[in-house]
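Let us read a protein model together, one feature at a time.

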Amino acid sequence: METQQVNSEKAKESTPENLFELLSSSSGGLSVDEAKKRLEQYGPNALEEKKESQLLKFLAYFWGPIPWMIEVALILSVVVKHWVDVVIIGVLLVFNAVIGFWEEHRASNALAALKAGLALKARALRGGKWQEVGAADLVPGDIVRLRLGDIIPADVKLLEGDYISIDQAALTGESLPVNKKAGDIAYSGSVAKQGEMVALVTGTGVNTFFGRTAKLVGEAGAVSHFQKAVMRIGDFLIFVAVGLSIILIAVELYRGEPALELVQFVLILVIASIPVAMPAVLSMTMALGALSLSKEKAIVSRLQAIEEMAGIDILCCDKTGTLTKNELTLGDPVVFGAKDPEDLILAGALASKAENRDAIDLAVISGLKDKSLLDNYNQTKFTPFDPVGKRTEGTATGPDGQTVMYTKGAPQVILGLCDVDEQAKAKAEKVVDEMAAKGYRTLGVAESRADGAWKYLGILPLSDPPRDDSAETIVQAKKHGLKVHMVTGDNVAIASEISGQLGMGTHIQPATDLFRDNVDPAHLSAEAAEKIEQADGFAQVFPEHKYGIVKALQDRGHLVGMTGDGVNDAPALKQADTGIAVSGATDAARAAAALVLTAPGLSVIIKAIEEARKIFERMMSYTIYRISMTIDIMFFVVLAMLSFNFTPLTAVMIILLALLDDIPIMTIAYDNTRIDPKPVRWQMKRVLSISSVLGLVAVAETFGLLLIGWEWLKNPEWQQWMHMDKPHLQTMLFLQLVAGGHLMLFVTRSKKFFFMPPFPSWPLFSAVVGTQIFAVLMCAFGWLVPPLPWALIGIVWAYNIVWMFIQDIIKIGVYHLIEDRAKHKQKYLKSVNQPLHAHPHLSG
């Protein structure tokens, strides 16, 4: 009979006998031959990694609207034998591909980090003998021995032994090690902290709890909104360029222009007009932003995450180790029979042993104000915690020479040891219940002196307290328009208490209730999805739940940030629009995250969000400017050629215009900009509307100067004074486009009037001024263009400055119209009770 793997849920419900039957195994383990056979059947106990061709990954960067434009330009350059253009365009094409490929390569190592978390060796019973085997060679049905310090090598059913204490915080987010006994399940990737047991392997590789987490990491990943925006912009500009080029070619061919010369000119016009360097410019802006973030102790592993971070409106925070310190702390003791709180803590400390490094023992000992008191006692015997007795016990001789036994453990167990009256018992039970409701774990403490009777001393509450800066971080997050959700593996009471302390609200949803049958958000009911959106946090969360929560929120129109530190957070970190691995995170969490914090606490996230919104504003300024310039150049040249049968710019001028426009624009990455108080997104309708209006105004500006110059050509006096002829008219139009383009950049960089703060940064301002000085000198001294008199240069500049104010007033008007329209729609949606997230173009 062919065996089958058993998932952890089924293994948990099955008896050992049933599992032996299902797995065709026994307490004597497998034979060596059977183990080999099963290894061939199931494959190695390791994570599968889909191998992708690096070459195909690289070639994918040559596919898409903007690469297509560059490639067509490259082919046409070869056809018309413009070899200089071929080299320049080819370098640009490869440069864009290399940047994209390198960024993806750096961020694609999540599975490798998860693999490193697997156990390397295991002790298995093969052929009747215990032997050390590679963890990758374990198969379902193997019998293994687990000891202190072992990484659990596979999902197992515990069979023999008193107990084993397992730290599975990295998998489930639980604060404390979990005590397991025979019949329980232990998960692959968790760590044995105490005890020793024999276990049956039920699942290996991707069929383990750990493996399913890794599989989710492999499947996770949201498409970058930056990539979508670049695609949309590319589509729009292709439509404009191709449409105008077809019209121009058709008319000029009808007029009898030579086809080859026409193709050459249109080619140069398209290359100069279309922002083929847009991905590189935006990537550079984000790269410089990433450098700035690194100074704030935040390392960016995926550039697009900067843009995504500017738009996140929901931040999912892992509780343990992220919002809290991930270290147990003693609360205020409740005294019963002890002299005072310090005496109660001392008794608890004498029932502990620091050398065992048990989290509870260390927390109790740390609670002593004067630790030197322990030096007065000699601990002669210590019995560690076990899940059967549910208590620890220490025997110590005090400074008075008396030998006393001390014990601490589950409150109900300690109460059962002691002879207490009903009133005291009721009081103790009430204290325990109240503490549990506040999220505390409680320990009962007792002592036994010479008469052998146990005396109930009191109750010690333990909790994992919030980080010192967490509350302030949550306040700042709300000020930045973020809704913060807590996500934890702990129970609802603990989650509600911590969430309330931090001002995050106490409406906590148990994830087990939301995802009863399937964690796929596509199968969630509308009611469950709404509960996820409205909750303040989530408790009793497993890895699949975290991933499902993030995905469900994304499906409802939100941009989601997720913080975490454990293996269990990796799938959600990768799926989130911005995954944030906090300081001290596991390798798997860091690899899956887009942002890795190297300083403790969450306050750096607020700085990162502020920096991201600045970077986003810079990218938005450049995008609006570049689309406007494309419309200006393309429409103007086509309009001039169709209206006057006159080529307003030479091929050399067009190339120079492209260079002078794009070279200084790189400094926009250093520009000063405002910080938007709300999340910001790529609102393409708004971007294209503003760009189109400003572009068409610029066309009117440039065409207006052409009309003026055309009139001067008809007037002999003006011709003589201005030295005006068609070549000089071309120079004048060239100067207008260079100067007007950069003045328009100052208009597009702010939603307010251009002369109001924030003012341009010194690098941007000096780069623009330097470019303009060079352009003026070119036109004045006739470098590569016919020279212009200084008076005409002054007239062109005065003309541009007047139009700069006109453009600015129109820009303010367009923004007001858009904002008013958005407000009216928001009011309407509220009146019909529709959530705003259903219309993401209105948010941000």
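Q: With which residue does arginine 441 form a salt bridge, and how far apart are the closest N and O atoms?

A: Side chains of opposite charge can pair when their charged atoms come close. A salt bridge is counted when a side-chain nitrogen of Lys or Arg is within 4 Å of a carboxyl oxygen of Asp or Glu. Here arginine 441 pairs with aspartate 490, and the closest N and O atoms are 3.5 Å apart. The pair links distant parts of the chain, since arginine 441 is in strand E17 (residues 441–448), while aspartate 490, 49 residues apart from it, is in the loop between strand E19 (483–487) and helix H20 (492–501). Please keep in mind that this is a predicted model, in which local features need pLDDT of at least 70 and side-chain atom pairs count only at pLDDT 80 or more, whereas totals for chains, interfaces and linings use all residues. Residues are numbered from 1 along each chain as its sequence is written, and side-chain values use heavy atoms, with hydrogens and water left out.

Q: Is aspartate 490 buried or exposed?

A: Aspartate 490 counts as buried because its relative accessible area is 3%, where buried means under 20%, exposed over 50% and partly exposed in between (1.4 Å probe, protein chains only).

Q: Which residue forms a salt bridge with aspartate 671?

A: The partner of aspartate 671 is arginine 749, with the closest N and O atoms 2.8 Å apart. Aspartate 671 lies in the loop between helix H27 (651–662) and helix H28 (684–714), and arginine 749 in the loop between helix H30 (726–748) and helix H31 (762–781), so the pair ties together parts that are 78 residues apart in sequence. Both aspartate 671 and arginine 749 are buried.

Q: Which residues line the largest cavity?

A: Rolling a probe the size of a water molecule over the atoms shows where empty space is left. On a 1 Å grid over the protein atoms alone, a cavity is a set of points where a 1.4 Å probe fits but cannot get out, and lining residues have an atom within 4 Å of a point. The largest cavity holds about 70 Å³ of space, and its lining consists of Glu617, Met620, Ser621, Ile624, Thr748, Arg749, Ser750, Lys751 and Tyr815. Helix H26 (residues 603–644) gives the largest share of that lining, 4 residues.

Q: What is the volume of the second largest cavity?

A: The volume of the second largest cavity is about 60 Å³, and among the residues lining this cavity are Glu617, Arg674 and Arg749.

Methods:
On a 1 Å grid over the protein atoms alone, a cavity is a set of points where a 1.4 Å probe fits but cannot get out, and a pocket is an open set with protein on both sides within 12 Å along at least five of seven lines; lining residues have an atom within 4 Å of a point. Grid points are joined across faces, edges and corners, and a volume is the space filled by probe spheres set on the points. Helices (H or I, at least four residues) and strands (E, at least two) are DSSP runs, numbered from the N terminus.
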